[in-house]
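My entries follow the model shown here.

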Amino acid sequence: MLVIYWIMSGALIAIDQWVKWWITSNLALGETQSIIPGVLSLNHIRNTGAAWSMLEGKMWFFTVVTIVAVVAIVYLMIKNRQTASRWFMTGLALILAGAIGNFIDRVRLGYVVDMFQTDFMNFPIFNVADISLVCGVICILIYIILDEKDQVKK
């Protein structure tokens, strides 16, 4: 069953890297192209930090955090492969994909390629890896909530 989660992570990493390649091949740096007017646009940017460009230029920090996170996630996935809930394992697989997707950019390019821009609100421009990270955290929160409910019932 563990292989399924690693395949999910690998597929998401591939999709993330393909979308980033497509953006850099088809949109000039800083160019914006509307997808859904007033809702979503593609905007090719380079991000050397985290969300809202926090810790901009601190590549060593992101490298250390990513390596520690990937090792911890792989350990948790292997350790819990027989007993963990689908919510927990899916969350870990999504976080793993997001961490590796952005790490590939940081190592290869020195920055992360971001492209999705919400036009209806001021929100950082993001990419597929970021979506994967957020969805992974949501899955783990759902797991925690469901686990707490099970503990209360006992």
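The entries below cover a helix pair and then the salt bridges.

Basis. I worked from a predicted model, in which local features need pLDDT of at least 70, side-chain atom pairs count only at pLDDT 80 or more, and totals for chains, interfaces and linings use all residues. Residues are numbered from 1 along each chain as its sequence is written, and side-chain values use heavy atoms, with hydrogens and water left out.

Helix pair. I took helices as DSSP runs (H or I, at least four residues), numbered from the N terminus. I found that the axes of H1 (residues 2–26) and H2 (residues 59–79) come within 10 Å and cross at roughly 150 degrees; axes are lines fitted to C-alpha atoms over the stretch in contact, and angles run from 0 to 180 degrees between N-to-C directions. H1 and H2 are therefore roughly antiparallel (angles over 145 degrees).

Contact. I noted that Leu2, Tyr5 and Trp6 of H1 meet Val74, Met77 and Ile78 of H2 (heavy atoms within 4.5 Å).

Salt bridges. I recorded two in the structure, each a side-chain nitrogen of Lys or Arg within 4 Å of a carboxyl oxygen of Asp or Glu. Asp16 pairs with Lys20, with the closest N and O atoms 2.8 Å apart. These two residues are four apart in H1, so about one helical turn separates them. Lys20 also pairs with Asp105, at 3.1 Å between the closest N and O atoms. Lys20 lies in H1 and Asp105 in H3 (residues 86–109), so this pair ties together parts 85 residues apart in sequence. Shared partners join Asp16, Lys20 and Asp105 into one network.

Terms used
Parallel < 35°, antiparallel > 145°, perpendicular 65-115°, else oblique.
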